[in-house]
Amino acid sequence: MKSSIRRSRRAAVAVALGSVLALTATACGDDGSGTGGSKGAEGSGKGEITFWDTNGGVRTDIWKQIIADFEKKYPDIKVDYVGIPAAGAQSKYDTAIQGGGLPDVGGVGTAMLAEIAAQGALEPLDGRLAKSPLNGHLSQNLLQVSKAAGGGDTLYQIPTSANNGTLWYRTDLFKKAGLDAPTTWSKFYEAADKLTDRGKNAFGFTIRGGEGSIAPALDAVYGQTGITSFWNGDKTTVNDPKNVAALEKYVALYKKDTPSADVNNDFTKMVAQWDSGTIGMLSHNLGSYQDHLKALGKDKFRGIPNPTLDDGTRVQVSNPVDGLGLFKASKNKAAAWKFIEFAVSHEENSKFNESAGQVPANTDAAQDAWIQRSEPTKLAAEALNGGSTKIVQLPYYLPDWNTISKADNEPNFQKLLLGKTTAKQFLDTLADQLNKAQAEWKQQKG
């Protein structure tokens, strides 16, 4: 089943690439179809543009506010808003790339960026950004994540916001135990052990063993070793001996300093368990802040970026980044680019991210008062925008990435927790799959 999923995904990308090449070879200029092969036009910078919100429903209200602000500033441009549920966004784009009907501007997250860019549908944005008032006001780390997710050094997405790995900890339990905040990995492990009293159903940590387990595990591994690149040439560093040792230490927490139920926990179960119990620490992103606030009150917990090495070195894996793409098929790229610039400007990007509870890509917005009042978001913004943070770019650009990191290896991670495989075997299997996927991607890329 897994191999058929992988083959079908590869085939879909190959067909898409073939279709783009065919369109490019047969078209005598723009055929007006609005497909991935259309060249579009710069346009007058006025008139009507279409915007696809790929988190429709969840973000509809805030986008309509931003559109109203934009149309007030640019009364000669009208934005046609189309809300698309997140679950259907990728297939909606794929269909439009092949059959026509692409928007001028659309939400394009890093998880889908490479596939859309590979089909020739997105306009490169490096030149436009270089001449824009936004230049110098966007997080360099997020721009690098965007470029890496696009499969190379070209910018196909202007980042709007990001989440970040956060270590939530119970300040009341830490104070009672006389423990320092778990700002380093050594303090993290000390606290996990000291806060555990299995007889009283008290645990130092809750580990994610169910759906979505691979990214937090890799974050913990690279964060402990300080290895800063996912690749060494064409081979992944994921099974570097240092990473193997770090993973051994991390999974050894299971059932020693964590509940045994963790082996099946996705983020919903894990968050609920932490909020209702006496567990010292939880690794999750900023999205669970309101849940913790409601369950525990503001004085019983804190959220800080994941731990550093003892010398203060911070290494973390890349988190998915939301952003906006400009489509090549647009007949009014000048107006569409104005909309992107406006949406990611200081005031509007701040407004969007305050609503979404995420970290602004605009570094001026990241200094605004609402962030200063929300310590977890403030610290996450400082980590993401800080020049000293090293980000290990996960290979979102690989067509097989989602299959490898979910269908293939989430069950393997559960086997690892249960002692049915070793950390070395787990990471060697993961590395072998990644190395093959990287080689095939490079061959396909030509």
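Let's start with what Asp262 touches. Setting aside neighbours within four places in sequence, Asp262 is in contact (heavy atoms within 4.5 Å) with Phe205, Thr206, Ile207, Arg208, Gly209, Gly210, Tyr254 and Gln273. A word on the source: this is a predicted model, where local features need pLDDT of at least 70, side-chain atom pairs count only at pLDDT 80 or more, and totals for chains, interfaces and linings use all residues. Residues are numbered from 1 along each chain as its sequence is written, and side-chain values use heavy atoms, with hydrogens and water left out.

Where is Asp262 found? In the loop between helix H10 (241–251) and helix H11 (267–276). Helices here are DSSP runs of H or I, at least four residues, and strands are runs of E, at least two, numbered from the N terminus.

Asp262 is buried, meaning under 20% relative accessible area with a 1.4 Å probe, protein chains only. Yet Asp262 has no salt bridge (a side-chain nitrogen of Lys or Arg within 4 Å of a carboxyl oxygen of Asp or Glu). The nearest side chain of opposite charge, Arg198, is 8.7 Å away. The side chain of Asp262 does make a polar contact with the side chain of Gln273, at 2.9 Å. That term means a pair of N or O atoms within 3.5 Å; within protein, one must be able to donate a hydrogen and the other to accept it, and residues adjacent in sequence count only if both atoms are side-chain atoms.

Next, Leu309. Leu309 sits in the loop between strand E10 (301–305) and strand E11 (315–317). Not counting residues up to four places away in sequence, Leu309 touches Thr184, Trp185, Gly223, Gln224 and Gly226.

Technical notes:
Buried < 20%, exposed > 50% of the residue type's maximum accessible area, 1.4 Å probe, protein only. Lys, Arg positive; Asp, Glu negative; His and termini not counted.
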